[in-house]
Structure formats: C-alpha cells, structure tokens
Amino acid sequence: MARGGSQVARQAEIDRRFMAAAIRLSRRHLGLTATNPSVATLIVRDDGDGPVIVGRGVTAIGGRPHAEPQALEEAGELARGATAYVTLEPCAHHGRTPPCANALASAGIARVVGGASDPDDRVSGRGYAILRDAGMEVVEGVLADEAADQMAGYLIRSLKKRPEVTLKLAVSADGMIGRLGEGQVAITGPVARRQVHLMRAETDAILVGIGTALADDPELTCRLPGLEKRSPARIVLDRTGRLSPHSKLVLSAREAPVLLAVSSEADADRKAALAAAGVSFLATETFQGRIALPELLEDIAAQGMATLMVEGGAETARYFLEEGLVDRIALFRGAKTIGEGGVASPLDPDHMPPDFRLLRQARFGEDLYQEFTRTS
Ligand code: AOF
Ligand code: ZN
C-alpha cells in the first residue's frame with residue numbers, strides 16, 4: 001500500500017516535470033499562431049531506464065498543423081505505449097486535419113496527461129472523451145493554471161470576445177513614467193529594455209495613445225537580433241487622425257502593420273494620406289469624447305488578435321484600468337529617479353489594485369520586474 005502510494009506520487013512528480021517542459025516549449029510560437037493557441041506536445045516513453053522524450057511538437061506558425069501530429073510524427077513507432085503530454089485538451093473536431101484525439105489513439109499512445117481545458121465548443125470535454133473511449137488513461141488538469149496562463153490570450157478571446165490586455169509600465173524609483181515634454185526618457189536599463197522587446201515579439205498587438213505617439217515618436221517594433229520579423233501590429237488610439245505621416249510608426253507601416261483607431265471625426269484627406277503610406281483603420285465609436293474601448297477590443301479580437309500590450313501613456317493606461325479592461329500588469333521598476341517635471345505613474349508600484357495578485361518576479365539588470373494577473 002505504502003509502495004503503491006509512493007509510486008503514484010512519483011508518477012505525479014514526473015507528470016508535473018514533463019508538463020512544465022511542454023509549457024516551456026509552447027512559448028516558442030506565442031504571437032505566431034493566429035487565432036489558435038500555441039500548444040505543445042511531448043511524447044515520453046519509459047523502457048525501464050527512466051522517461052525519455054521521443055517526440056516534440058508545437059502548434060505551427062499560422063496555427064496549423066496542431067502540436068500533436070508533429071510530435072507523433074517525430075516519435076514514429078516509439079509512440080506506441082508512450083505517454084503524451086499536451087498543454088491543451090486535444091481537439092475533437094475535423095478541421096483541415098483529423099482530430100488530434102483520434103491521432104493520439106491511432107498512434108497507440110497509452111496515456112495522455114493534459115494541462116488546460118479547451119473552451120472551444122467543438123472540443124470542450126469531447127477531446128478527453130475520445131481518448132478514454134479508445135481505452136487510454138487520461139490525467140486532466142496537470143499544471144492547469146500554468147498552462148492556461150501561457151495561452152491566456154486564446155482563452156480570453158474565446159470567452160470574452162476580446163484580446164487579453166497586458167498593461168506594461170516602467171516606473172522610476174520616484175514613481176514616474178517619464179518627464180513632461182521630453183519624449184522618451186530611459187527609466188529602465190538595457191536588460192529590461194530587451195525583455196520588453198521579447199514581450200513585443202510574443203504579443204499580437206501593441207497599443208499606445210496618440211499623446212504618446214506624438215510626444216515620443218516610438219517605433220514599437222521588436223528589435224532583438226534575429227527576431228525583427230516578429231514585430232507585432234501597432235495600434236494607436238487616434239480619434240481624430242493626428243498621427244504624422246512622417247512618424248516612425250507610419251514610416252515602418254509596411255514592415256509591421258499600423259492600425260489607427262479613429263472615429264468619424266477623423267479628416268478624410270489625412271486618412272487618405274496615411275492609408276497611402278500603408279496605415280489601416282479601425283473605425284470605432286466614441287463614448288464621452290473617447291474611443292469606446294469595449295467596441296475597439298471586440299474589433300481587434302475579430303481581426304484574429306488575441307493578445308494586446310498597452311505601452312502608454314499614463315492617460316491611456318488609466319482609461320484601460322477605469323474600464324476594467326486590464327488582465328495583466330507587467331511592471332518594470334527602474335533604479336533611476338526622474339525628479340522635477342516627472343509624469344506620475346497611473347499606478348502606485350507598491351499598491352496594485354486589490355483584484356491583482358503577484359504571479360512572478362525577476363531582476364533584469366538593475367531593475368525589478370513584477371507581473372500581476374487579475375484574480376476575478
Ligand atoms: C490541438 N492542438 O496544437 C492546437 C489546438 O481551426 P483549427 O481546425 O486549427 O482548430 C482550432 C481549434 O483547435 C482551437 O480553437 C483550439 O480548440 C484547438 N487548438 N488543438 O489539439 C493544437 N492549437
Ligand atoms: Zn488538434
């Protein structure tokens with residue numbers, strides 16, 4: 001009995017270890033799988049000398065093929081009798097390819113360990129049912145929260161019809177996010193800045209207010225060596241269409257999309273000039289003189305974007321917070337002070353809103369990084 005219990009505990013530990021590895025692998029295609037989540041599968045077998053990975057797959061760029069068939073292909077005959085670790089319940093529907101649940105069964109997989117459950121009506125519960133009906137042992141919900149966190153954009157888009165919103169803030173040691181009228185001011189060091197570029201690579205879209213676009217002339221691209229092609233779409237809240245055709249955003253519109261959220265007040269000639277430079281528009285309604293965020297976010301999700309990072313400025317950040325539309329706060333706390341003429345952070349870094357909890361923290365160079373997620 002005691003031995004049985006310790007074996008179960010040992011297996012549970014092995015399952016958590018391989019699920020954690022699968023979750024890390026799933027990060028590879030974040031921001032690259034369109035409306036599909038970036039899912040990973042590991043095929044693991046144990047022929048007596050301990051568990052060995054014999055197949056790996058991540059949802060392909062563009063969203064297909066899914067993770068499972070790729071991992072099964074790599075494993076080949078070694079899949080027979082093996083365990084499959086999947087970060088999301090395997091699909092049960094006939095899309096362009098047969099259901100992944102059936103593919104796992106035909107390959108002779110003996111055990112499936114799943115992470116997050118899939119809210120997709122075509123899949124929810126059915127994927128696991130197919131596996132069980134085929135005689136496989138199924139363990140659901142291993143590291144479910146961690147798996148779901150990695151595909152939060154997909155889950156929020158499915159359930160709320162809007163993208164997951166991450167508010168990114170860089171706050172100086174004296175609680176400022178910049179200096180009035182000075183454009184971009186360095187608050188964090190080079191390591192933290194590279195981390196922000198990595199976050200840009202993993203997100204579908206970045207959003208700033210027109211005030212920040214005019215004052216800072218930011219490019220908002222990913223400029224990490226080798227990841228330049230992974231720049232997200234750039235969205236500006238620009239109700240009246242004030243963005244300059246000579247701004248860095250517009251000048252790079254053919255390399256990574258630029259979308260302006262405008263109302264009917266935007267001047268037609270200005271819009272035409274911007275359109276000629278490659279800019280697209282999200283025609284949005286206004287509410288009390290501002291772009292209506294819920295409608296805008298619905299449009300963004302309808303265009304297939306599941307993750308949105310709000311990068312500035314203070315007014316835009318406050319607007320998203322007031323509307324209850326922030327799911328995650330990515331807070332960089334710089335070691336430098338700004339002093340006179342500083343623009344105060346919309347959030348006190350020591351007092352996050354009560355419905356947010358600290359998920360992880362790290363140090364990047366001299367700067368502290370803290371990530372909070374909404375609990376309700
Ligand atoms: C899996 N493995 O790697 C992914 C899954 O349009 P389709 O046919 O690609 O289906 C999209 C749905 O497939 C998506 O809503 C989600 O339920 C699932 N994603 N499933 O078995 C994968 N990416
Ligand atoms: Zn599938």
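Predicted model: local features only at pLDDT ≥ 70, side-chain atom pairs only at ≥ 80, totals over all residues.
1. The structure holds 21 salt bridges.

2. Arg328 takes part in two of the salt bridges described here. Its side chain meets that of Asp149, with an N to O distance of 2.7 Å. This pair links distant parts of the chain: Arg328 belongs to strand β15 (residues 328-333) and Asp149 to helix α5 (residues 144-150), 179 residues apart. Both Arg328 and Asp149 are buried.

3. The side chain of Arg328 also meets that of Glu371 in a salt bridge, again given as 2.7 Å, N to O. Arg328 lies in strand β15 and Glu371 in strand β18, so this pair ties together parts that are 43 residues apart in sequence. Glu371 is buried, as is Arg328. Through shared partners, salt bridges join Asp149, Glu164, Arg328, Arg360 and Glu371 into one network.

4. Asp367 is a charged residue to look at with care. Asp367 sits in strand β18 (residues 367-374). Asp367 is buried yet has no salt bridge, and the nearest side chain of opposite charge, Lys336, is 5.8 Å away. A salt bridge would need a nitrogen within 4 Å of a carboxyl oxygen. The side chain of Asp367 does reach the backbone nitrogen of Gly189, at 2.6 Å. Leaving aside residues up to four places away in sequence, Asp367 touches Ile187, Thr188, Gly189, Ala192, Arg333, Gly334, Ala335 and Ala362.

5. Now the sheet. Five strands form an open sheet with mixed pairing, in the order β2-β1-β3-β4-β5. Strands β2 (51-58) and β5 (137-139) stand at the edges with a single partner strand each, so one side of each has no neighbour in the sheet. On average, neighbouring strands are turned by 20° against each other, direction ignored.

6. Strand β1 is mostly covered, with six of its seven residues buried. Seven bridges join β1 to β2, and the two run antiparallel; Val44 has Ile53 in β2 as its bridge partner. The hairpin of β1 and β2 has four residues between the strands, and there Gly48 takes a positive phi near 115°. Strand β1 is also joined to β3 by four bridges, and this pair runs antiparallel. Thr41 stands opposite Val86 in β3.

7. Strand β4 (residues 111-116) and β5 run parallel and are joined by three bridges. Arg111 stands opposite Glu137 in β5. Helix α2 (residues 67-75) packs on the sheet, where it touches β1 (40-46), β2 and β3 (83-88), and its direction makes about 135° with that of β2. Helix α4 (residues 126-133) packs on the sheet as well, touching β4 and β5, with its direction at about 170° to that of β4.

8. Arg194 is partly exposed, with a relative accessible area of 48%. Arg194 and Leu159 are 35 residues apart in sequence, and their C-alpha atoms are 32 Å apart in space.

Technical notes: Residues numbered from 1 in each chain as written. Chains lettered and ligands numbered in written order. Heavy atoms only, no water. Buried < 20%, exposed > 50% of the residue type's maximum accessible area, 1.4 Å probe, protein only. Lys, Arg positive; Asp, Glu negative; His and termini not counted. Polar contact = N/O pair within 3.5 Å; in protein donor to acceptor, adjacent residues only side chain to side chain. Contact = heavy atoms within 4.5 Å. Pairing = 2+ DSSP bridges. Axes fitted to C-alpha atoms, helices over the stretch in contact; angles between N-to-C directions.
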